[in-house]
Structure formats: structure tokens, C-alpha cells
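Have the two chains on screen as you read.

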Amino acid sequence: MIKAASEGATKGFLDWTEEKLSDLARGFESRDLLFIEDRQTIDLVKEQRKKPEWELAKKYIRDRDLRIQIQMGLALRRLESNPPKLKELRDKIYKKYQSPGLHIAEIVQTGIFVKYIGLLLGQTLDETELVEKLNALLKENEKYVVFIKTQDDAYRKTQEIVARLRANLPPALVVFSSGTAIDVSLEIVKSALTQIEGYHQEIQVDKDNSEPERVKLYNFLLRTELRQNSI
Amino acid sequence: MEFVSLTKMPNEVKINLLKKLGYDSDGVFVLDSAGRRVRDRYTDDEVSLSRMLIFPGSTVILDNNPLSIAAYLEEYPDVF
């Protein structure tokens, strides 16, 4: 009796599973169902695609890989309070896109991209020029963005910035730093500006969302002639 | 579109489901009909039972991570 009961229970379980699985398979084939381990990751991605920052970016950026990197930058920002997930995503971005792609994601993560859009909106003649410059910002970001870390050598970074400004004459170069790197960053920019003509600085400060007591500093080195000619 | 969570589904049931969809598993990774480990088309990672994400329409099986999902949505923006 016990054996029969256990056989019956097992068969019942298997029948339920088989029927349920067949229903699921049919639902899948009719494109009504999506199977996922958990919803958090999909919800994270969907949440970033609703952001005004993405709505703005997708209007001007058509390259599929750039669009993915931008979304990953937004996702990185969202994951700043979850260091293990943040590292996991950074590793995935690096594996697929190497340093250039990771830098693009970081440019978005840190807010540089959206601030640069604001800067360009006042300096470009039409949408074609804006699209061109935004794509250049991302694809040739080494010409337009410098990240300063606390441990950076101030002299070397100063020379790096001066060299980039002289070589590329960008309309703007953003020097980004946060937290304890801000002091050395200000020192570096001050020194760089004494060595090159035609540029001035404008500073913006934001709070770090993951650590409210920590700030982010965006030091824009702007070509002075553009300030004189801008609308 | 409805999401079906695999979180509480036992591995044996997941494997049965995969078989109904034309796939299989060695208990850890998802296998295709030729017995090869399925790779995420966007990250090239081998897809494990514990991290699989199955989209309908040509039965796309991905690793459950933001990059793969974003890449899929760029290719199929109307899926949701």
C-alpha cells in the first residue's frame, strides 16, 4: 500500500510536471512567455531604457555597440550601491568591448556624457553637427575626457592633458574626479592652464548618488574662442 | 508578454523544459541538439541552467546579465 501510494504520488507529480511543461512550451512557442531565472536583471535594463538620458542619447547615437555601451553606463550607475554586481557587469563590458567600450560606459556612468551634450547644444549649428560631435566624444573619448584618480602622478597627468590639448585642440576637455581625487585634480588643471593658451575652465559639482558625502567634480577646459563665439 | 520565473524550478524540470524546446543539459550547462554547450550570442559565455534566460522567437537562450539583455533589445526592440 505504501509502495502504491508513493508510486501514485510520484506519478501524480510527473503527470503534473509533464502537463505543466507542455503548457509552458506551447505558451513559449506562441511568444506569450519568456523564461528567466529572476526578473531583477531585465527590470534593471528596462528601467535604464526609460530614462530621459537614454531617450536623448538614442536620438543622436545610431551605432548599435555605442548604444549598448551607453545603456551599460546607465546600468553601472544604478549598480554603484551593489559592488559585486557592479564588478560583474564591468567585467562583462570589458570582455566584450575591452578598454574603449568600458571607458564609454564610464563616461555615461559618471554623468560626463549628459553634461557634454548640454555643452554641445549651445555650441553646435545644427543636429548633424551635434550628432557628429557626440559620436566623436564617444569613439575618440581619449581626446575629450580625462579621469583623475587619487594615486595619479600630478606632473605626468598635467603633461598628458597639455599634450592632448595641443595635439587635438578639442572644443572642450572634461577632467573628471571624485572624492579624494578632487584635490589633485584641481592642482593638475591649474598647472595645465598655466602651460597652454586659449583655454579656460568651468567647474560643475554633483553629489555621488552611492555616497552622498562624496562629490563628483567635472572640470571643463573650454576653448576661449568658443566662449566668445557661442550663441 | 508574461515572465515565467525559473528560480524555484528544480533542475530536472528545467531540463525537461529545455528538451521540449529542442535543447538539453548536462546538469550544469545548456546543451544544443548536437550536445555542444550553448553560448550566449552577445557575450560568448557558456549558458548555465542557473543563469539562463530564454526568449521566444527562434528560441534565443542567453546568459542572464544586463549586457546580453540590452543587446537583445537593441536587436528586437519590440519584444516587450
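**Where the chains meet**

A:Ile36 stands opposite B:Leu53 in β4(B). The strands around this pair, β1 (residues 33–36) of chain A and β4(B), run antiparallel and pair over two bridges; pairing requires at least two DSSP bridges between strands. Strands here are DSSP runs of E with at least two residues and helices are runs of H or I with at least four, numbered from the N terminus.

Before going on, some ground rules: this is a predicted model, where local features need pLDDT of at least 70, side-chain atom pairs count only at pLDDT 80 or more, and totals for chains, interfaces and linings use all residues. Residues are numbered from 1 along each chain as its sequence is written, chains are lettered from A and ligands numbered from 1 in the order written, and side-chain values use heavy atoms, leaving out hydrogens and water.

Now step back to the whole contact (heavy atoms within 4.5 Å), which takes 36 residues from chain A and 41 residues from chain B. Together the chains bury about 3600 Å², with 65% of it on carbon and sulfur atoms; buried area is the accessible area (1.4 Å probe) lost on putting two parts together, summed over both. B:Phe3, B:Leu67 and B:Glu74 supply 20% of what chain B buries against chain A, more than any other three residues.

Charges take part too: there are six salt bridges between the chains, each a side-chain nitrogen of Lys or Arg within 4 Å of a carboxyl oxygen of Asp or Glu. One of them joins A:Lys92 to B:Asp63, with the closest N and O atoms 3.9 Å apart.
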